[in-house]
Amino acid sequence: MQGLFFESDTTVRVVLRFLVLILGFWTAWRSGKAVAESWQSYGTVFLYILGLAVAMRFLHYSLFAGPFISPFYYVIDVVLLLAWAIAGFQSRRTTQMVDNYYWLYERTSYFSWKNKD
């Protein structure tokens, strides 16, 4: 299929890696938001990300012939995905607190709120 959509195999790999990164980070962000939406804690986010990291390891293995069972790369995936998931969680939790308890809290940034004076 080389030459059908891209000029070289290198271009295909770069595009696939970019798409896998977007897919993984977007899924982590949405997972964090979903956990916050159901008023659960960070522990649930962590459990979801452990499963998502296995899926990302499989994508790296199947698409790029990377190592599937590698504790080092698994931990890297977990850390990166967890950062995105916590950001999604915190952004949604901030919106929830400010919208649901508008008489108590006001937004200070996209990720935080404070008590109204």
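Reader: Is Lys 114 buried, partly exposed or exposed?

Author: Lys 114 is partly exposed, with a relative accessible area of 40%, where buried means under 20% relative accessible area, exposed over 50% and partly exposed in between, using a 1.4 Å probe and protein chains only. Please keep in mind that this is a predicted model, in which local features need pLDDT of at least 70 and side-chain atom pairs count only at pLDDT 80 or more, while totals for chains, interfaces and linings use all residues. Residues are numbered from 1 along each chain as its sequence is written, and side-chain values use heavy atoms, with hydrogens and water left out.

Reader: Which side chain does Lys 114 meet in a salt bridge?

Author: Side chains of opposite charge can pair when their charged atoms come close. A salt bridge here is a side-chain nitrogen of Lys or Arg within 4 Å of a carboxyl oxygen of Asp or Glu. Lys 114 meets Glu 106 in this way, at 3.6 Å from N to O, and Glu 106 is partly exposed, with a relative accessible area of 29%.

Reader: How many salt bridges does a search of the whole structure find?

Author: The search finds 3 salt bridges. One of them joins Asp 77 and Arg 57, whose closest N and O atoms are 2.8 Å apart. Asp 77 lies in helix α3 and Arg 57 in helix α2 (residues 42–64), so the pair ties together parts that are 20 residues apart in sequence; helices are DSSP runs of H or I with at least four residues, numbered from the N terminus. Asp 77 is buried, with a relative accessible area of 10%, and Arg 57 also counts as buried, at 6%.

Reader: How many aromatic pairs are there?

Author: A pair of aromatic rings is described by the distance of the centres and the angle of the planes. Rings of Phe, Tyr and Trp (its six-membered ring) pair if their centres lie within 6.5 Å, and planes under 30 degrees apart count as stacked, over 60 as edge-to-face and the rest as tilted. The count comes to 12 aromatic pairs, among them the stacked pair of Phe 25 and Trp 84, with 4.9 Å centre to centre and 15° between the planes. This pair links distant parts of the chain, since Phe 25 is in helix α1 (residues 9–37) and Trp 84 in helix α3 (residues 71–100), 59 residues apart.

Reader: How is the pair of Trp 29 and Trp 84 arranged?

Author: Trp 29 and Trp 84 are edge-to-face, with 6.5 Å centre to centre and 70° between the planes.

Technical notes
Helices (H or I, at least four residues) and strands (E, at least two) are DSSP runs, numbered from the N terminus.
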